[in-house]
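Q: Please take a close look at the nonpolar core of this model and at the strands that surround it. A connected account would be welcome.

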Amino acid sequence: MSRSIATVALVVADYDDAVTFYCEKLGFILFCDTDLGDGKRWVTVGPAGGNGARLLLARADGKRQADAVGNQTGGRVGFFLETDEFERDHRAMREKGVNFLEAPRSEPYGMVAVFEDLYGNRWDLIEPRA
């Protein structure tokens, strides 16, 4: 049996703003953008060349979902962007205006720094130890 977590939903305020942030600021690629009718779309993005899960950018529908935009994990880091070269990606992301909340730090599990996406969700940029 082979199983994997393939897609993770991320509630966003606007499809196009989210695609722009993830593709232009983080270097993700747009895998799919399919019109589902009634203003809904199936939009998936993920790191180029990556083999991990993709993000389903799901536009908030209603007040409850809109209230969760930017706080899907209650203020904790909820998403982890792994890299094979921390310094390169950290520098590139900063040059593109990504907001890092701390200086890079070395932890037993790797080099890491917390950043925010366009809505304030917290992410780790992490280069795991070999």
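**The core and its strands**

A: W123 touches Y22, F28, L55, V77, F79, F80, L81, A113, V114, F115 and D117, leaving aside residues up to four places away in sequence; contact means heavy atoms within 4.5 Å. The model is predicted, so local features need pLDDT of at least 70 and side-chain atom pairs count only at pLDDT 80 or more, while totals for chains, interfaces and linings use all residues. Residues are numbered from 1 along each chain as its sequence is written, and side-chain values use heavy atoms, with hydrogens and water left out.

W123 is also among the residues with the most contacts inside the largest nonpolar core, together with Y22, L26, F28, L55, L57 and F115; this core has 23 residues. A nonpolar core is a set of buried Ala, Val, Leu, Ile, Met, Phe, Trp, Tyr and Cys residues joined through side-chain atoms within 4.5 Å, where buried means under 20% relative accessible area (1.4 Å probe, protein chains only). At least two core residues come from each of β1 (7–12), α1 (15–25), β3 (40–47), β4 (54–59), β5 (77–82), α3 (86–95), β8 (110–116) and β9 (122–128). Helices (H or I, at least four residues) and strands (E, at least two) are DSSP runs, numbered from the N terminus. The largest contribution, 5 residues, is that of α1.

An open sheet of 4 strands runs in the order β1-β4-β3-β2, with mixed pairing; two strands pair if DSSP finds at least two bridges between them. β3 and β4 are antiparallel, over 2 bridges, and V45 has L55 in β4 as its bridge partner.

Key
Buried < 20%, exposed > 50% of the residue type's maximum accessible area, 1.4 Å probe, protein only.
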